[in-house]
Amino acid sequence: MKRAIFLTLALTGSIVAAACSSTPASSDDDDQGQGGTSSSTGTAGGNTGIDSPFVSETEVTRLVQTLASDEFDGRDEGTPGSTAARQYIVEEMQRCGIQPAVNGSFEQPITTGDGINIVGVIPGTDPAQSDRHVLVSAHYDHLGHCGGDICNGADDNAAGVALILGVGCALAENPPAKTVVIASWDAEEPPTFLTQEMGSEFYAANPVFPLEQMDVAIVLDLVGSDLWPGFQDHFYLGAELSPQVAAVLDATPVPAGLPVQRFGLHMVEEQPLGFQPWSDYNGFRNRQRPVLFLSNGQNKRYHTPADELGTLNLPKMALEARYLLNVVNNLASSAEVPAFVGEGADHGRDVEANRAVLEAALAAGGLADALGLGQASRDALQGDLDATNAVAAKLTNGESLTSGDLTSLRNGAQRIMCLAGSTYMESLCAAF
Ligand SMILES: [Zn+2]
């Protein structure tokens, strides 16, 4: 079903571009009528944006299958498996024309630790704008071994790397006006998370391209799976930090079959026990760069040996890749320079996304059914939904929100995270 929808859109969106210099390895790709070409539509009705075989399900599957294989032994930084994974990513970048960004190399050694970042670049085509860049990134490291087994981290974060490679290769074939930097971070996972040894933190402190010329930092983490079985939604967080970034998202068509929910970062970061950043966007946001954090959230397989290829939602990943291709292309084609507004918030969006996710969680076959939640958790989720609707009514009436209103909004999002993830027990989620 999902595949059929994708095929239809891929074909309706096809205006075939000129011959290209490189094609995905998977020439048997059947998602596209025109192998090795990119396509686009106009801006009038029926716009489905640009497309490329590099973001097809076949190509995304090929990449994530290799990245999540035992061959790389869990991709822990400083190990032979990590070196092999890095060589594979660099080869894929070279093969499709992404250029080395670090003095003729793709590698940025993290001198504060053991890791090595990978940084490639697609130079912008407009000399007047190509000093500006959009960063598209995903960490490639994972835990190595855990629970006595190889932890392959298919969702965390082989999936994210597959998507940035697909999008990067598509843009290398048809570059936008501004420069696009494709980066894959090392050392995101504990114990280096949020330390100076973390790849993205090191890059933010030692950027290859000046941060003041960075329009937005896009970070992917946990984009390969579903928050709970059967839940198709994909989350974009952080757009509230820049009105210009939000405007580009508003104007970018979302592929049919991919529900995208936009949350403010505060919804998941401002927790009862304190402030909790979740991934590689933190170093950039701390330096007042606009960020977008893309994720499907932590599910029950998070940081366990069960995070394997067979649990990924590959048709959904292809839809995510095509949407991201359009988001990046539109950001890097915009003449505007996005501003960072630190106090930015879009509570209308927060309410809308919260309501959608809570309703889906409580619906037949939703989170509560899929995970066999007890009545207390169901009642708590219903309470969160009621509170969200009460906040929505205040917004409709033009009333300003209190800190208590914001807390009750966040409770819903955070209870969902708590219940859906692997690191909490249902009883602990009562804290929300
Ligand atoms: Zn991760």
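Two strands pair if DSSP finds at least two bridges between them; helices (H or I, at least four residues) and strands (E, at least two) are DSSP runs, numbered from the N terminus. The model is predicted: local features need pLDDT of at least 70, side-chain atom pairs count only at pLDDT 80 or more, and totals for chains, interfaces and linings use all residues. Residue numbers start from 1 along each chain as its sequence is written.

Strand S2 (residues 107-109) pairs with S3 in the antiparallel sense over three bridges, and Gln108 stands opposite Asn117 in S3. Strand S1 (residues 99-100) runs antiparallel to S3, joined by two bridges, and Pro100 has Gly120 as its bridge partner. Strand S7 (residues 179-185) is also antiparallel to S3, with five bridges; Ile122 is partnered there by Val180.

In a regular strand the side chains alternate between the two faces of the sheet. In S3, Ile116, Ile118, Gly120 and Ile122 point one way, while Asn117, Val119 and Val121 point the other way. A residue is buried if 20 or more other C-beta atoms, placed from the backbone, lie within 10 Å of its own. Seven of the seven residues of S3 (residues 116-122) are buried, so the strand is largely enclosed by the rest of the structure.

Elsewhere, helix H2 (residues 57-67) packs on helix H9 (residues 314-331) at an angle of about 110 degrees, with the axes 9 Å apart. Axes are lines fitted to C-alpha atoms over the stretch in contact, and angles run from 0 to 180 degrees between N-to-C directions. H2 is therefore roughly perpendicular to H9 (65 to 115 degrees).

Methods
Buried ≥ 20, exposed ≤ 12 C-beta atoms within 10 Å, placed from the backbone. Parallel < 35°, antiparallel > 145°, perpendicular 65-115°, else oblique.
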